[in-house]
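Dear colleague,

Please find below the structure that I am handing over to you. My notes on it follow directly after.

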Amino acid sequence: MAEGHAGTAGAGGDRVDTAERYRVFAEREVRGHSPAYEDLARAVAAAPGLVGLIDELPPIKRQPNLLLASVRFLGGPWDDPAAFLAWTVHEWERVRATMLARRTQTNEVGRCAALLPVLASLPEPLALIEVGTSGGLCLYPDRYRYQYDDRPAVGPADSPVVLACRTDGAVPVPERVPRVVWRAGLDLDPVDVRDDEALRWLECLVWPEQADRLERLRGAAGMARREPPELVRGEAAEALPGLVARAPRDATVVVFHSALMPYLEPEERDRFVATVRSLPVRWVSNEGSPRLPSVLARLGRPPSPDRLAFLPALDGEPLAMAGPHGEWLDWLG
């Protein structure tokens, strides 16, 4: 899964007025990152007719990024708000069908920069299980190269993906990437990046002006095409125990996820957390701050309202605050 950030959630306990959801998306998520999407989201919020059509969709399908990506996927205009509104309303049946059939599943590779210091702190070798894995591109943290500020780069020098991350605080940047001996992903609807249409959908989920995100998505997908990860279709809490049982017994089994919680109803979140805690694994979460209340409570203070923050945590203990795409990492304490 991917782009469910704090202001644009759509599952059960996160009912938000649709127009307000699009305004928040413009103001808190894409401002400063995608002028085109900021303009489009504001235009949608101010268009009662289109908002009414969106409101006919299930709540989980009203996400701004899902609408915007669907229009781009279908070849609609995205660089002119008036043209976007007119085209989307005129082609609504096609747009609606695409939104119902697809999910926001980029699962941004850049988040590996926020996860690496946590993963590298665990006893090696590692067996990785990612829940909400999409195409499994975050299952290769040992294959990417990392640049934290002006520190020496970490990771394979020939990697097709370089992740830059600004840091603050005593971030325990490792000298090398951890050794991974087994990896598998779990998702309700796994994405096969060897499928050209599936990959094109993932590319449409990247905001238009973010050439660096698109470049690293393509680099990671190219690597995954050459060495496809094992992806399992299933519901998070139900399928996870069986997958954990298959992991090598001489490895540290790590269950991790990023931006998974917005796609689960509150009771599903509770069941998933209880399941993870009952298993012989280390649990690494990287979620928008309101998504795991127990993690937020342990933080002891709310993140700054001026920026959207994720909370990388180990076994429920928050370690840092991070950018939604891994672009910055502030270590706590």
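The model is predicted: local features need pLDDT of at least 70 and side-chain atom pairs count only at pLDDT 80 or more, whereas totals for chains, interfaces and linings use all residues. Residues are numbered from 1 along each chain as its sequence is written, and side-chain values use heavy atoms, with hydrogens and water left out.

Overall fold

Among contacts (heavy atoms within 4.5 Å) in the protein chain between residues at least 6 apart in sequence, 71% join residues at least 24 apart. The chain has 12 helices and 11 strands; these are DSSP runs numbered from the N terminus, with helices being H or I of at least four residues and strands E of at least two. Of the 333 residues, 59% are buried. Here buried means under 20% relative accessible area, exposed over 50%, and partly exposed in between, with a 1.4 Å probe and protein chains only. The protein chain exposes about 13200 Å², of which carbon and sulfur atoms supply 50%; accessible areas come from the Shrake-Rupley method with a 1.4 Å probe, and for residues only the protein chains shown count as cover.

Nonpolar cores

A nonpolar core is a set of buried Ala, Val, Leu, Ile, Met, Phe, Trp, Tyr and Cys residues joined through side-chain atoms within 4.5 Å. The largest one has 74 residues, and L67, Y144 and Y146 touch the most other members. Helix α7 (residues 112-119) gives the most to this core, namely seven residues. Beyond its neighbours within four places in sequence, L67 is in contact with Y22, V44, I54, F84, T88, W92, V95 and M99. Another core, of 23 residues, lies apart from it and includes L186, F272, L279 and V281.

Backbone geometry

Most residues other than glycine have a negative phi, and most peptide bonds are trans. The following cases depart from this pattern. The peptide bond from E124 to P125 is cis, with omega near 0 degrees, and P125 lies in the loop between α7 and β1 (126-131). D149, which is not a glycine, has a positive phi of about 55 degrees. D149 is found in the loop between β2 (145-148) and β3 (162-168) and is partly exposed, at 34% relative accessibility. For D315, phi is likewise positive, near 55 degrees. The loop between β8 (310-314) and β9 (317-318) holds D315, whose relative accessible area of 28% makes this residue partly exposed.

Salt bridges

The structure holds 22 salt bridges, each a side-chain nitrogen of Lys or Arg within 4 Å of a carboxyl oxygen of Asp or Glu. One of them joins R213 and E108 at 2.7 Å, N to O. Because R213 lies in helix α9 (residues 211-226) and E108 in the loop between α6 (92-101) and α7, this pair ties together parts that are 105 residues apart in sequence. Both partners are buried: R213 at 2% relative accessibility and E108 at 4%.

R246 and E230 also meet in a salt bridge (2.3 Å, N to O). R246 belongs to helix α10 (residues 236-246) and E230 to strand β5 (residues 230-233), so the pair ties together parts that are 16 residues apart in sequence. R246 is partly exposed at 46%, as is E230 at 31%. Elsewhere, salt bridges that share partners join E27, R31, E38 and R42 into one network.

With kind regards
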